[in-house]
Amino acid sequence: MALEGFTHLIPVAAGHEIIRQGRRDLTLIRMTPDIVYDQMIGAGCARKLVFSWAGNPGVGSLHRFRDAVQRRWPAPLEIEEHSHAGMANRYVAGASGLPFAVLRGYAGTDLPAHTATIKQITCPFTGEVLTAVPALNPDVGIVHAQRADRAGNVQMWGITGVQKEVVLAARRSLVTVEEIVDELDPRPGAVVLPSWAVTYVAEVPGGAHPSYAMGYSERDNDYYQAWDAISRDREAFAAWLEEHVLNRVPAT
């Protein structure tokens, strides 16, 4: 399962719903796991994390993630670490129907020694040694966007990261949106995901909070700051989870 969004349009509400449903033993994929994955890991949803960077942006570490890796709480967490470029290329390969991606990367790092899904490959034309990484085809890809029309076409703009690629690579996809409109008006630089590429659309205003949705909401920096203290302590985290996720009925 991949929940993608790069500082912007992060599908946090969808992550909370996964926690409420009690999903377990998930392989979670994300280029930049931040607090929503910290919350899902702390809630016991994850068995494995495939990622390229993990942290509370602008604040520090993810303490529930660290607790799972270092102390196996609430469950052991297997990790598969890549670079940003490697993860992005893996999504592109998955979206393109290719078995793997080739890039210049990972040189000078010890990631190939610790990650079995990073392999050297020799170009058959030049002899150059490159890096191959397998395609990512999540069972489920989830992203957040600004709008969808009633036919299921989705429109997003601003920092869009790899949302398009993860939807095209995934076997099924869910897009939560700020609003459903009768017609999508043109937006400079906007990405439009056609209805044939999207399995489900759900109208979830504020579904990216505490990240932001350009044109609809601003980033809640106080939330990120507060999360550092909450997530450091297991009891404080459990109380937060009970109050703000498990006992919170989502708006319909």
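Which residues is Leu28 in contact with, leaving aside its neighbours within four places in sequence? In this predicted model, they are Met1, Tyr37, Met40, Ala46, Lys48, Leu49 and Val50.

**View 1. The largest nonpolar core, with Leu28 among its residues of most contacts.** This core has 32 residues, and the most contacts inside it belong to Met1, Ile18, Leu28, Met40 and Leu49. Two or more residues each come from α1 (12-20), β2 (26-30), α2 (35-42), β3 (46-51), α3 (63-71), β8 (140-149), α7 (221-232) and α8 (234-246). The element that gives the most is α2, with five residues. In soluble globular proteins, nonpolar side chains tend to be buried together.

**View 2. The packing of α1 and α8.** The two helices pack at an angle of about 110 degrees, and their axes are 10 Å apart. Because of this angle, α1 is roughly perpendicular to α8. From α1 the contact uses His16, Ile19 and Arg20, and from α8 it uses Trp240, Leu241, Val245 and Leu246. By class, the residues of the contact of α1 with α8 are five nonpolar, one polar and one charged.

**View 3. Helix α1 and the residue just after it.** Val12, Ala14, Gly15, His16, Ile18 and Ile19 are the buried residues of α1. Of these, His16 and Ile19 also take part in the contact with α8. Just after α1, Gly22 has a positive phi of about 70 degrees.

**View 4. Buried and exposed residues of α7.** Tyr223, Tyr224, Trp227, Asp228 and Ser231 are the buried residues of this helix. They lie on the same side of α7 because they cover an arc of only 150 degrees around the axis. Asp222, Gln225 and Ala229 are exposed on the other side of α7. The buried residues of α7 pack against α1, α2, α3 and α8.

**View 5. Ala54 in the loop between β3 and α3.** Is Ala54 buried or partly exposed? Ala54 is partly exposed, because its relative accessible area is 24%, and buried means under 20%. Not counting residues up to four places away in sequence, Ala54 touches Pro33, Leu62 and Phe65. Met31 is 23 residues from Ala54 along the chain, and the C-alpha atoms of the two are separated by 8.3 Å.

Notes: Residues numbered from 1 in each chain as written. Predicted model: local features only at pLDDT ≥ 70, side-chain atom pairs only at ≥ 80, totals over all residues. Heavy atoms only, no water. Core = buried A, V, L, I, M, F, W, Y, C linked by side-chain atoms within 4.5 Å. Buried < 20%, exposed > 50% of the residue type's maximum accessible area, 1.4 Å probe, protein only. Helix = DSSP H or I, 4+ residues; strand = E, 2+ residues; numbered from the N terminus. Contact = heavy atoms within 4.5 Å. Axes fitted to C-alpha atoms, helices over the stretch in contact; angles between N-to-C directions. Parallel < 35°, antiparallel > 145°, perpendicular 65-115°, else oblique. Nonpolar A, V, L, I, M, F, W, Y, C, P; charged D, E, K, R; others polar. Arc of directions from axis to C-beta.
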